[in-house]
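Please look through the structure below with an eye to its inner spaces and to what lines them.

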Amino acid sequence: MHSTDPVTPTDPATAHRPDGATAPTGRWRAGRRPPSVLLVPAAVAAVFALLPLGYLAVRSLERGPAFAWDVVSDERTAQLLGRSLGLAAVVVSACLVLGVSLAWLTVRTDLPGARGWSVLVTLPLAVPSYVAAFAWLSAFPDLAGFTGSALALTLVSFPYVYLPVTAALRGTDPAQEEVARSLGHGPLMTFLRVTLPQLRPAAAGGAVLVALYVFSDFGAVSLMRYDTFTRGIYTSYRASFDRTPAAALSIVLVVMTIALVAAEARTRGRAGHARTGGGTARPAVPAPLGRWRAPALAWCAAVTGVAVLTPLATLGYWLAVGNSATWDPATLLDTAATTLGVAAAGAALTTLLALPVGVIAARYRGRTARLLEQSAYAGHALPGITVALSLVFFAVRYAEPIYQELPLLVCAYAVLFLPVAVAGTRAAVLQSPPVLEDVARSLGRSPLRVLREVTVPLAAPGVAAGAALTFVVCMKELPATLLLRPTGMDTLATRLWTETGTGSFAAAAPYAAALILLAAIPSYLLGRHRT
């Protein structure tokens, strides 16, 4: 919690302030303008993140509103819209069932090995959607299409519902459920009428994340050969030198995203279930499963088996049947090294841009701080393919030397994943005592020295964790990498996509396994950091 109380005259930081030094103003610098050393680089980061939206506005209207409307109102566009919405509806529904049921079993019941199950059901987050699609398609080729896409996307994205619902269950006061039971309601009615309404905000937030994930996914639907909006944009981009149709389709995707977020906010409204009165909530007593214990264990085993073990077993099979004739170890090592290098460069630039934005978001209030933080999140609402198209547009016109070169790809990673690093930096700065910065300022340190000698060292562990998470997501990114990578350069993701596109599953398996292995290392370090 951060107090908004002003600093009193007896504050030691003010009592010993030398003449001319800036007065400390408490934890939140409400109403104060951030110093230039933060404001200028933060503004650069915000402009950087807003580039895709500017591109879409300019490019979609380049041939006039009538042409853009013709593209948007085309029958094919409506068909893609229906396919994307239908796929999102099925995946979100399935994720809600899986996420809520598993959260309740692992948090509120006496399920044997609940802690272990809670770890296993979060593992699918480390598996890219296109790796899951590859695993299922190589084992069951008939799954191609809507069914395969829905299955692969559900199995990698249900933790987006499970995690927030789990947190909500742990923070909910169990007294209301106990009152309901004392009034004669059984466990099922208590869950439906008391527990479930309290979980609605968390479940809705997770459902939005899943829907956005489905809207922006390119790898899984491409491997499953199921046309959605992202695949339609990619096809339009590749099929013609005229980029206006692709931009117009991207506008539709952006509108869908905004409408979804707005609908979720409207549905959530002012819903809240805070505890009132004296005392604090105590931990809930686990509900006995009784004769439902075996079915509950079977449900957890089935979900983790399908979501985690089946893809791993499929990869193991293809690794066993493959040999040096189907894949080249030297090429694999070279591709892995390239992936690590590109991801490291993307994480470094993203963290550098996120640092001033995160510090301002944590330490200052006001319109400027809100605008900078919200601008940083602009690129995250767009699919990677749209961000890539925007950077191609600007590079060709204003920065041709970096077109189809590594710096442009690194810039795309920064636009896409800036919110990931901003969130980590903001959280880390919030956890560090602001009074130390106030003391440094009172001793005459400049804003730059305070940032370098106090703020950054205190927040370094959290900033590093954000950088590690950014590194992981950069390593898994596919659509922007496909469009922006330098000629002749491959990452593990693009190589996997190329091999599976020709049906060479044995050749693709080593790249998929290497991608999961490399992504697991920083994920494990992140887990240790949080512990």
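**Spaces inside the model**

In this predicted model, the second largest cavity draws the largest share of its lining, 3 residues, from H15. That cavity holds about 40 Å³ of space, and its lining is made up of Thr339, Val342, Ala343, Tyr413, Cys474, Met475, Glu477, Thr481 and Thr491. Two or more of these lining residues come from each of H15 and H20, and by class the lining has 5 nonpolar, 3 polar and 1 charged residues.

Across the whole structure, a search finds 3 cavities of 30 Å³ or more. The largest cavity has a volume of about 130 Å³ and is lined by 12 residues, among which Leu38, Tyr364, Glu437, Val450 and Thr455 lie nearest its centre. Helix H15 (329-363), helix H19 (434-442) and helix H20 (447-476) each give at least two residues to this lining, with H20 giving the most, 4 residues. The lining of the largest cavity divides into 7 nonpolar, 1 polar and 4 charged residues.

Helix H4 (75-108), helix H10 (187-216) and helix H14 (293-321) are the elements that supply two or more residues to its lining, and H4 provides the largest share, 5 residues. Of the residues lining the second largest pocket, 15 are nonpolar, 2 polar and 1 charged.

As for the cysteines, the structure holds 0 disulfides. Cys95 counts as buried because its relative accessibility is 0%, and Cys300 is likewise buried, with a relative accessible area of 0%.

Technical notes: Residues are numbered from 1 along each chain as its sequence is written. This is a predicted model: local features need pLDDT of at least 70, side-chain atom pairs count only at pLDDT 80 or more; totals for chains, interfaces and linings use all residues. Side-chain values use heavy atoms; hydrogens and water are left out. A disulfide is a pair of cysteine sulfur atoms within 2.5 Å. Buried means under 20% relative accessible area, exposed over 50%, partly exposed in between (1.4 Å probe, protein chains only). Ala, Val, Leu, Ile, Met, Phe, Trp, Tyr, Cys and Pro count as nonpolar, Asp, Glu, Lys and Arg as charged, and the others, Gly among them, as polar. On a 1 Å grid over the protein atoms alone, a cavity is a set of points where a 1.4 Å probe fits but cannot get out, and a pocket is an open set with protein on both sides within 12 Å along at least five of seven lines; lining residues have an atom within 4 Å of a point. Grid points are joined across faces, edges and corners, and a volume is the space filled by probe spheres set on the points.
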